[in-house]
Amino acid sequence: MRVMLPFAAPAASAAPSVAPQGPAPKQAPAQAKPEMLAWSASRPLTWADFKGRPNTADPLHALTTANIGAQIGCQDYVFSANVQATFTPAESWVKAPHTESVALLHHEQVHFDLTEVHARQLRQKLATLKFDCEHLQPAFNNVMKVAIANWQREQQRYDVDTNHGLNVVKQKAWDEQVLRRLNDLQAFTAPAATGTASAGR
C-alpha cells in the first residue's frame, strides 16, 4: 500500500524577521540557509526537488517540508510585509524509486499549493490591518500565530480526508477546492510567484 507522510513545517515558521532599527549587534557567523523554492504556478514540484535523506524506519513514503515565511518592517511609520510560501528540498524526501508515482507527487504538490493558499490569505489579511509601528512585533506575532495554526490544521485535515492521497474521490475534491481558492485569491499572489494556477499537477 502506498501511503504518504503528513505535511511538516519547520518550527521557525512562526518567527518572522523584522527590519532592525539602528545598527545591528555583532553576531557569530550564521550557518548557510538551506535552499528554498518559492511557490510558482509555472514551476510545479518534481521528484528531483526531494533531496532529503529518507527516514527508512518510517512506514510512510514521502515528506514535503514547506513553510510560510514573512519579512516585515516599517519605513517612515508605514508598515510593509513580504510573505512567501516556500519548499525546502533538503528537508523533503521520497523513500524509494518505486514509490515515485505521479499520484504521490501530485498529492505532495497539493500540500504546497495549500501552503500558497494560506500565504495569500495572510497577504490579504495584512493588507487590511493597521499596525502600530511602535509596537509592531507583538501585534504581528499574534496574526502570524493564528495564520500558521490555521494552515497546519488544514494540512492535517487534507491528509486525513484524502487518506494521504489514497482516496481518489476525496483527492479530486481537494484538487478542485485548492485550485478554486488559488484563483479566488489571485490578487494576493506574491510578485515572484505570478501566473494562474493550473489543474492536473
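**Starting from one leucine**

Tutor: Let's begin with Leu-126. Setting aside residues up to four places away in sequence, Leu-126 touches Phe-79, Ala-81, Val-83, Phe-131, Phe-140 and Val-143. Keep in mind that this is a predicted model.

Student: Which residues touch the most other members of the largest nonpolar core?

Tutor: Ile-68, Leu-122, Leu-126 and Phe-140 do. That core holds 38 residues.

Student: Which elements give two or more residues to this core?

Tutor: They are β4, β5, α1, α2 and α3, with α3 covering 168-184. The largest share comes from α1, which gives nine residues.

Student: Let me step back. How many helices and strands are there in the protein?

Tutor: Three helices and six strands. From the N terminus on, the order is β-β-β-β-β-β-α-α-α.

Student: And how much of the protein is buried?

Tutor: Buried residues make up 44% of the 201 residues. The accessible surface comes to about 11200 Å². Of that surface, 56% belongs to carbon and sulfur atoms.

Student: New topic. How many disulfides does a search of the whole structure find?

Tutor: One. The disulfide joins Cys-74 to Cys-133, with 2.0 Å from S to S.

Student: Where do those two cysteines sit?

Tutor: Cys-74 is in strand β4, residues 66-75. Cys-133 is in the loop between α1 (102-128) and α2 (136-162). The two are 59 residues apart, so the pair links distant parts of the chain.

Student: Is the link left-handed or right-handed?

Tutor: Left-handed, with -80° about the S-S bond.

Student: Now the aromatics. How many aromatic pairs are there?

Tutor: The count comes to seven aromatic pairs. Take Phe-50 and Phe-87 as one of them. Their ring centres are 5.1 Å apart and their planes are at 65°.

Student: Why is the pair of Phe-50 and Phe-87 called edge-to-face?

Tutor: Because the planes are at 65°, and planes over 60 degrees apart count as edge-to-face.

Student: Where are they in the chain?

Tutor: Phe-50 lies in the loop between β2 (37-38) and β3 (62-63). Phe-87 lies in strand β5, residues 78-87. The pair therefore ties together parts that are 37 residues apart in sequence.

Student: Buried or exposed, those two?

Tutor: Phe-50 is buried, and so is Phe-87. They also belong to one aromatic cluster, formed by Trp-47, Phe-50, Phe-87 and Phe-112.

Student: What does Thr-86 touch?

Tutor: Phe-112 is on its list, along with Met-36, Leu-37, Ala-38, Thr-65, Ala-66 and Asn-67, leaving out residues up to four places away in sequence. Thr-86 sits in strand β5.

Student: Why does Thr-86 count as buried?

Tutor: Its relative accessibility is 7%, and buried means under 20%.

Student: Last one. Where is Asp-175 found?

Tutor: In helix α3. Asp-175 is partly exposed, with a relative accessible area of 22%.

Student: And which residues is Asp-175 in contact with?

Tutor: His-106 and Val-110, leaving aside neighbours within four places in sequence. Asp-175 and Val-110 are 65 residues apart in sequence. In space they are 6.9 Å apart, C-alpha to C-alpha.

How values were computed: Residues numbered from 1 in each chain as written. Predicted model: local features only at pLDDT ≥ 70, side-chain atom pairs only at ≥ 80, totals over all residues. Heavy atoms only, no water. Disulfide = S-S within 2.5 Å. Helix = DSSP H or I, 4+ residues; strand = E, 2+ residues; numbered from the N terminus. Phe/Tyr/Trp six-rings, centres within 6.5 Å; stacked < 30°, edge-to-face > 60°. Buried < 20%, exposed > 50% of the residue type's maximum accessible area, 1.4 Å probe, protein only. Core = buried A, V, L, I, M, F, W, Y, C linked by side-chain atoms within 4.5 Å. Contact = heavy atoms within 4.5 Å. Areas by Shrake-Rupley, 256 points an atom, 1.4 Å probe, with all protein chains shown as cover.
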